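I opened this entry to look up strand pairing. The model is a predicted one.

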Amino acid sequence: MCTGHHFPRKICSRQLRAIRKGGEDMGGEGYRRPSLTVDAVATREVPTGKQVLLISRGNEPWKGALAFPGGFVEYGEDPEAAVLRELQEETGILGELNSIIAVKGNPSRDPRGHIVSIFYRVSVDPNSEPTAGDDAATAEWKDLAQINDEEIAGDHLDVIELLRD
């Protein structure tokens, strides 16, 4: 069976073609693909406990809701570069990558369409003061224990819960 994957010494002899819903051959147009976004998850310890860096969204969907700084990966851009770019654009803070915390890709997770998001843990200067930029209405450090779950955009609450554990 041809799966489209190429294994050493076993190459698929049948060329796969993209077919539109309804049976129309798309030829060289390629396959439908989800969009890719990245989100920066930065935390710091303060005397009152753990804080997380969040923005309030300036645009729909979830306008006004709290979210991690992030956005779409541009064509030809490495997602690791994109998350640091988005962090700086939306908060004015420079960061360094640590690890991937989560990947969210449920096709119905975002009303704009099928969007896969990579949540990266990033290190930042704990004394940095965020300044909202780009499409962020506000940017601030929030006490993790004080975040109201209803304030959080989309499935970003899943990552907030991971940080609380």
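I looked up Thr37 and found it opposite Phe72 of strand E7. The strands concerned are E3, residues 35-41, and E7. I count three bridges between E3 and E7, in the antiparallel sense.

Next I traced the sheet around this pair. It is open, has four strands and reads E7-E3-E9-E8, with mixed pairing. I marked the edges: E7 (70-72) and E8 (95-104) each have a single partner strand, so one side of each is left without a neighbour in the sheet. Neighbouring strands here are turned by 25° against each other on average, direction ignored.

Then I checked what lies across these strands. I found helix H2, residues 156-164, lying across E3, E8 and E9 (115-124). H2 runs at about 115° to E8.

I moved on to strand E5, residues 49-57. How many of its nine residues are buried? I get seven, and I logged E5 as mostly covered.

I listed the partners of E5 in turn.

- E4, residues 43-46, runs antiparallel to E5 and is joined to it by four bridges. Val46 has Gly49 of E5 as its bridge partner. I logged E4 and E5 as a hairpin, with two residues between the strands.
- E10, residues 136-143, is antiparallel to E5, with seven bridges joining them. I picked out Leu53, whose bridge partner in E10 is Trp141.
- E6, residues 66-67, is joined to E5 by two bridges, again antiparallel. Here I found Ser56 opposite Leu66 of E6.

Conventions. Residues numbered from 1 in each chain as written. Predicted model: local features only at pLDDT ≥ 70, side-chain atom pairs only at ≥ 80, totals over all residues. Heavy atoms only, no water. Pairing = 2+ DSSP bridges. Axes fitted to C-alpha atoms, helices over the stretch in contact; angles between N-to-C directions. Contact = heavy atoms within 4.5 Å. Buried < 20%, exposed > 50% of the residue type's maximum accessible area, 1.4 Å probe, protein only.
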